[in-house]
Each structure stands twice: as C-alpha cells, then as structure tokens.
Amino acid sequence: MRLAASLLLALLLGKTISPPEPAIHYFSNVRDVQIAQPDRQNFFIVDAEIWGHSRPDLGDLRLYDGESPVQYALSEQRAGTSSEEVEAKILNLGSVAGHTEFDLDTQGLAEYDRIRLRLDARDFVVKASVSAGSAPGKASEVELTPSTLYDFTKEQLGSNSVLKLRPSSFRYLHIRLSPGILPQQVKSATMANLREQLASWTKAGSCATPQVKQRKTEIACDVPAKVPLNRILFRVEPTQVNFRRTVQVEDANGMQVALGEISRVRMDRADTLITNEELAVNVSGWSPDSGPGRLIITITIDNGDNPPLSVFGVEPLSLERRVYFDPQGKAALRLYYGDEKLSAPVYDYARFFHLDASAVEAQPGPGAHNAQYTGRPDDRPWSERHTGILWATMILAVLALGVLALRGLRTEQPR
C-alpha cells in the first residue's frame, strides 16, 4: 500500500524542470550580420523578419561567432526628456507704456532653456521679449530669443505659455510682454533645463487611400502580424490649417486600439504668426495577433461639421528597437532566433551598457531557415506526457484501496 502511494506521488510531481539553455540547433531561423566597422560598437535594427519569427519580447535573440555566444544589449529608441523645474522669483512687476514687464531671479538653477509663465488669462496672443543681465533692473545687456504666447480657448486650438531659450546661465532675465496681458494676470514663473531625445521609428505597414463617408474619413491599413504598432503619422496638405480632429483606431474585430487628436494651428494675431501642429496619434497597450500574415486596422477621423481633411498619407510606425554589440574585431556574426521556450539572456554587457557616440549600423542579411534546426525535445514532466498511464494508475490505486477497505470490514464483522 505504501509502495502504491509513493509511486502515485512520484507520478504527480514529475521531475524538476531547469530553465532551457540556448543551443544553435534549437533556433528555427538564422541571419548573417555583416559588421560595419570591426573595431567599434555596432548595432542593427529589429525588422519585420525578426519580429515575425521570434518571441514577442525578443528574448530568444542570440548572436554567435561560430559556436561562441556574443553578448548584446537591446535598446528601445524612445523619446526622452529630463528636466529640473524650479520656481523663479518675479521682481519689479509692473506696466510700462501698456506693456507688462518684470524681472526674473534665476538663482535656483545654474542653467536653463525654458521659462513657463502661469497666466490668469484666456483668448490672447502676446509676444514675449527676453533680455538678460547681471543685476535686477539692468537685465537688458543681452537680447535673447523672443517667444509667442497664446491661448485659443474659444477656438479650442490649445495654448502656449512657455518661453524657449538657448541654454543660458544669466542670473537675471527681463521679460517684456506686448499689450494683452495685465501685470495682475502674471501669477508665477518656473524655469527648467530640458534635455530632449527624439524617438526613432520604423515603418510597420501601409495604408490605403482615405475614403470620406459622410462626416468621417476612414483609412484602412494593414500591418504585419507580431510587429508592435506604437504610432500613426498623418500627412495633411500644408494649405489646410486651423483644424482639430478626433482620431479613433480599431482592429479587425471593432475593438478600439487608440484614441487621440490631430491638429494644426497657423494664425496671425496682432501682427504675430502662431504656428503649431500635432499630426500623430500614439498607440499603447495593444499588440497585433501572434499568428502569421498581416492584420487590418481602421482609422477614423471625425470631421464633425467641418470640411474633410486633405490627408495624402498615413504611416503606421513601430518604435525602433536596436541590438548593440561589440564585434571584437570580427567581420561577420550570425544571429539566431525562433526558440519560444528560451528566456531572455542576462548579460553584463546589457547591465553596464554604454552607448558609444560613434556606434555604426551593421547590416543583417536575409532571414533563412536554420539548416541545423531540430527543435527542442519534449521536456514536459513524465506525468504530463503520459496522462493515460497516470489516470490508469490512479484508478488502480483507488480500486486497490476499495478492496482493502472491504476486506477490513469483513474482518471486523462478529462471528
């Protein structure tokens, strides 16, 4: 009886499974990577071929020099901003000949390139002239770049209250606003040193010609399966200005993928030209199906009671992913991928990754089936691979227990 219970427990637990190890014959696909310059950091861009045959997290990519693995770092080329924003002290606030003027004490920040004003005003356009100096009341020694501040609440076209400057370190700034803002409407000011890194994108499909249907414009796009969709860029005729439209993106099942707005402002107010445009919608939290082939998405622009936009191009985009590595003098390496059971590597190269400003782009060759591919053996526990035997053993064990119980009952009956 104890033997049967022990056997049953062993069958249920199976054997302990260790994490899968990489091996060239377990990868389904391979590509040659031609090194651009062997003596410096190289990188290549993840394309639709790699997305289509690898894990969704790209955890099964492996670089090899012959049989030896080469460490790498996977990097997303996201837009980035880092800034330190602090309060700037307003001094000598008043009006001169109908112009609101004041000084700013920038002592709290060693270097800055943005000044944000908090203005208690709506529906205005003013020009902000900026000069700098070493003392309050004398901050007119150096002329800096002027900015245009505006608020189009009535037109629902947005606002701007930020003065953009070149990196500066002057202790005092003098701000002079054109008529339209009163001194009491200037509530506060902050300054910041903004460092921006632009995102890089790769094409992720193509779109058909836009179709106008009543109050809406519809665009059908097909995107490769498994390639992440992160952004949709619209190209609108430059002559079409001063618009703001809601944009909705749906997948083939009618489920909403993204919701956003596109806009363009070009207005002449008080002899000042204001220009601003946002012609892209971000997509987040959605990934295409993992199956083969291509998928259809539908983009809808709500024109409301306005004329339809003259859209002459729509581009689905994917955030660029790069694989950085050190070729260590080699002229070519091989990239293997296509092992869904393999987990992402843990490399010191990635942990301590430093982007070399002189990194060059390597060129992957065409994707091909790995001639050495055998596939991984079935490493499931014995109990999962032989469920029939397991159930038969369990049934026999239950029957054996039943027989033993009946024998026990008969033995205990009085004679």
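Visitor: Is glutamate 261 buried, partly exposed or exposed?
Guide: Glutamate 261 counts as partly exposed, at 41% relative accessibility. Bear in mind that this is a predicted model.

Visitor: What does the side chain of glutamate 261 meet in a salt bridge?
Guide: The side chain of arginine 244, at 3.0 Å from N to O.

Visitor: Which residue forms a salt bridge with arginine 264?
Guide: Glutamate 277 does, and the closest N and O atoms are 2.9 Å apart. Glutamate 277 sits in strand β25 (residues 272-278) and arginine 264 in strand β24, so this pair connects parts 13 residues apart in sequence.

Visitor: How accessible are those two?
Guide: Arginine 264 has 4% relative accessibility and counts as buried. Glutamate 277 is at 41% and counts as partly exposed.

Visitor: How many salt bridges does the count come to?
Guide: It comes to 19 salt bridges. One of them is between the side chains of arginine 321 and glutamate 76, with an N to O distance of 3.7 Å.

Visitor: Where do arginine 321 and glutamate 76 lie?
Guide: Arginine 321 is in strand β29 (residues 321-325) and glutamate 76 is in strand β5 (residues 72-76), so the pair ties together parts that are 245 residues apart in sequence. Arginine 321 counts as buried at 9% relative accessibility, while glutamate 76 is partly exposed at 36%.

Visitor: Which residues are linked with them in a network?
Guide: The salt-bridge network links Glu76, Arg78 and Arg321.

Visitor: Switching to disulfides. How many are there?
Guide: The count comes to one disulfide. It joins cysteine 207 to cysteine 221, with the sulfur atoms 1.9 Å apart. Cysteine 207 is in strand β19 (residues 206-207) and cysteine 221 in strand β21 (residues 216-224), 14 residues apart.

Visitor: Right-handed or left-handed?
Guide: The torsion about the S-S bond is about 105 degrees, so the disulfide is right-handed.

Visitor: Which cysteine is buried?
Guide: Cysteine 221 is buried, with a relative accessible area of 1%. Cysteine 207 is partly exposed, at 24%.

Visitor: Now β22. Which of its side chains point to the buried face?
Guide: Ile232, Phe234 and Val236 point to one face and are buried.

Visitor: What does β22 pair with?
Guide: One partner is strand β26 (residues 280-282), antiparallel over three bridges. Another is strand β28 (residues 311-319), also antiparallel, joined to β22 by six bridges.

Visitor: What share of the residues is buried?
Guide: Of the 415 residues, 40% count as buried. The chain exposes about 23900 Å², and carbon and sulfur atoms supply 50% of that area.

Visitor: What about contacts between residues at least 6 apart in sequence?
Guide: Among those contacts, 78% join residues at least 24 apart.

How values were computed:
Residues numbered from 1 in each chain as written. Predicted model: local features only at pLDDT ≥ 70, side-chain atom pairs only at ≥ 80, totals over all residues. Heavy atoms only, no water. Buried < 20%, exposed > 50% of the residue type's maximum accessible area, 1.4 Å probe, protein only. Helix = DSSP H or I, 4+ residues; strand = E, 2+ residues; numbered from the N terminus. Pairing = 2+ DSSP bridges. Disulfide = S-S within 2.5 Å. Contact = heavy atoms within 4.5 Å. Areas by Shrake-Rupley, 256 points an atom, 1.4 Å probe, with all protein chains shown as cover. Salt bridge = Lys/Arg side-chain N within 4 Å of Asp/Glu carboxyl O.
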